[in-house]
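The sequence and the structure come first.

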Amino acid sequence: MTAFYGCLLAEVVPVPIEVPLTRKDAGSQQIGFLLGSCGVTVALTSDACHKGLPKSPTGEIPQFKGWPKVLWFVPESKHLSKPPRDWFPQIKDANQDTAYIEYKTCKDGGVLGVTVTRMAMLTHCQALTQSCSYTEAETIVNVLDFKKDVGLWHAVLTSVMNMMHIISIPYALMKVNPLSWIQKVCQFKAKVACVKSRDMHWALVAHRDQRDVNLASLRMLVVADGSNPWSISSCDAFLNVFQTKGLRPEVICPCASSPEALTVALRRPLEEGTTPPSRGVLSMQGLSHGVIRVDSEEKLSVLTLQDVGSVMPGALMCVVKVEGVPQLCKTDEIGEMCVCTVATGSSYYGLAGMTKNTFEVFPVSNNGTPISEFPFTRTGLLGFIGPGGLIFVAGKMDGLMVVGGRRHNADDIVATALAVEPMKFVYRGRIAVFSITVLHDERIVVVAEQRPDSTEEDSFQWMSRVLQ
């Protein structure tokens with residue numbers, strides 16, 4: 001965090017990334033490509049992290065596979081000289097210079113850098129402050145990765161801007177103690193917690209009727225992956241158990257975001273006692289043809305969605321067709337959401353062609369005329385704008401597969417697999433869905449890890465039901 005702000009003050013561009021732990025670290029090859037293309041020459045890290053890096057017999061840190069040559073530097077006080085007494089940071093105007101580069105992993109495993117300008121960073125923080133009503137000295141508990149996405153925006157950027165207190169819980173601690181975030185919320189009477197649905201899920205599994213849990217202090221539980229179709233079950237189950245421990249239903253605030261568009265939509269903290277908005281129960285058959293058809297809740301062939309609130313302050317949103325010209329969708333069609341606001345990324349670093357297609361989109365109406373003179377940014381999210389301007393996300397563009405002319409989404413297929421006797425035979429978090437090309441068409445592949453205590457027969461039965 002200190003290094004990140006040091007870079008911002010020094011007017012160099014930070015690229016926050018995961019630290020590779022071994023030379024063969026799979027992700028590091030692609031990250032290396034990103035670092036090379038950004039011209040990175042210095043790696044800032046902490047003492048503890050530096051000690052954990054692989055070293056040669058002479059104590060040198062080897063060059064990681066695919067990485068450019070970097071100088072490793074530990075910016076901790078014992079390695080630095082004290083600044084002079086009269087030193088004062090020079091605060092730059094929020095202009096169109098790049099503030100930082102956030103990495104994103106693509107469908108094919110490649111890594112791109114999304115550039116965020118100083119203007120966009122500041123505007124985004126202001127929009128989050130307004131949406132979440134952040135005030136000075138509030139306490140936030142953050143369980144998310146603080147190097148990118150919602151974790152970076154709330155726990156590093158917006159929190160410092162508002163002078164809030166941040167408790168960041170590293171994922172290694174969550175693995176040992178899934179309740180650690182709930183304990184910290186109670187201990188510090190935190191007003192806000194930023195979590196993923198899996199953190200809610202594992203807290204439930206580990207919960208076993210803990211005494212003195214009190215979540216009454218929470219006014220916002222930001223669910224970073226609230227736009228994922230299956231996050232809804234974690235939210236419901238979590239509320240079921242913790243409502244008796246002071247958690248109010250209106251506190252759960254699902255959120256939708258993407259590396260390109262930053263925060264796309266966020267459910268605002270509701271007035272006390274107001275009921276969270278209704279849900280969308282949609283026919284998957286309809287969705288496969290790209291249309292929204294309301295269905296009944298009793299079947300396995302429906303997709304139940306929760307809203308992710310309304311669009312961010314100062315932003316315009318529209319939904320465009322998935323293929324071809326970015327033409328506006330009709331109200332009952334599903335498409336890719338695009339936003340027009342200062343607070344988005346501005347380019348894929350060093351990739352002019354791809355940038356134009358994503359960050360400089362001019363949506364057109366039915367007769368082909370552009371709806372705005374300002375460019376929109378593609379969010380990579382599929383969905384629609386529901387009644388009252390509420391935003392519903394039904395999946396990601398990355399997960400879209402077209403089989404026999406019909407569309408399917410990887411997330412929905414995982415949700416369907418889990419809806420068939422959830423959790424009895426397979427592990428919830430260990431399902432992968434992708435497509436392979438067979439004779440000019442796509443075929444869907446589902447890989448699920450079987451639980452050790454379920455028999456071949458059980459799993460075969462489960463599989464047959466999923467196939468149907």
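Is Lys321 buried, partly exposed or exposed? Lys321 has a relative accessible area of 26% and is therefore partly exposed, where buried means under 20% relative accessible area, exposed over 50%, and partly exposed in between (1.4 Å probe, protein chains only).

## Basis of the model

This is a predicted model, in which local features need pLDDT of at least 70 and side-chain atom pairs count only at pLDDT 80 or more, while totals for chains, interfaces and linings use all residues. Residues are numbered from 1 along each chain as its sequence is written, and side-chain values use heavy atoms, with hydrogens and water left out.

Helices (H or I, at least four residues) and strands (E, at least two) are DSSP runs, numbered from the N terminus. Helix H5 covers residues 149-161; at 1.5 Å a residue its 13 residues should span 18 Å, and its end C-alpha atoms are 17 Å apart, which agrees. The expected span is 1.5 Å times one less than the number of residues. Ten of the 13 residues are buried, so H5 is largely enclosed by the rest of the structure. Among them are Trp153, His154 and Thr158. Met163, which follows H5, has a positive phi near 55°.

In helix H8 (residues 197-207), the buried residues include Asp199, Met200, His201 and His207. The buried residues of H8 pack against helices H6 (171-176), H7 (180-188) and H9 (231-242), and against strands S7 (192-195), S8 (220-223) and S21 (426-438), with contact meaning heavy atoms within 4.5 Å. Arg208 follows H8 and has a positive phi near 40°.

## Ser283

Ser283 sits in strand S11 (residues 280-283) and is buried, with a relative accessible area of 10%. Its side chain reaches the backbone nitrogen of Gln285 at 3.3 Å. Leaving aside neighbours within four places in sequence, Ser283 is in contact with Arg293, Asp295 and Ser301.

## A nonpolar surface patch

Val42, Leu44, Leu71, Phe73 and Leu80 make a nonpolar surface patch of about 420 Å². Patches are made of residues with over 30% relative accessible area and no salt bridge, like charges being joined within 9 Å and nonpolar side chains (Val, Leu, Ile, Met, Phe, Trp, Tyr) within 5 Å. Accessible areas come from the Shrake-Rupley method with a 1.4 Å probe, and for residues only the protein chains shown count as cover.

Strands S1 (42-44) and S2 (71-73) each supply at least two residues of the patch. Leu80 lies in the loop between S2 and strand S3 (98-105) and is partly exposed at 41% relative accessibility.

## Salt bridges

A salt bridge is a side-chain nitrogen of Lys or Arg within 4 Å of a carboxyl oxygen of Asp or Glu. By this rule the count comes to 19 salt bridges. In one of them, Arg279 and Asp236 meet at 2.9 Å, N to O. Arg279 lies in the loop between strand S10 (262-266) and S11 and Asp236 in helix H9, so the pair ties together parts that are 43 residues apart in sequence. Arg279 is partly exposed at 39% relative accessible area, and Asp236 is partly exposed at 32%.

Glu18 forms a salt bridge with Lys147, the closest N and O atoms being 3.9 Å apart. Glu18 is partly exposed, with a relative accessible area of 38%, whereas Lys147 is buried, at 19%. Lys321 and Glu333 also meet in a salt bridge, at 3.1 Å from N to O. Elsewhere, salt bridges that share partners join Glu18, Asp145, Lys147 and Lys148 into one network.

Methods:
Polar contact = N/O pair within 3.5 Å; in protein donor to acceptor, adjacent residues only side chain to side chain.
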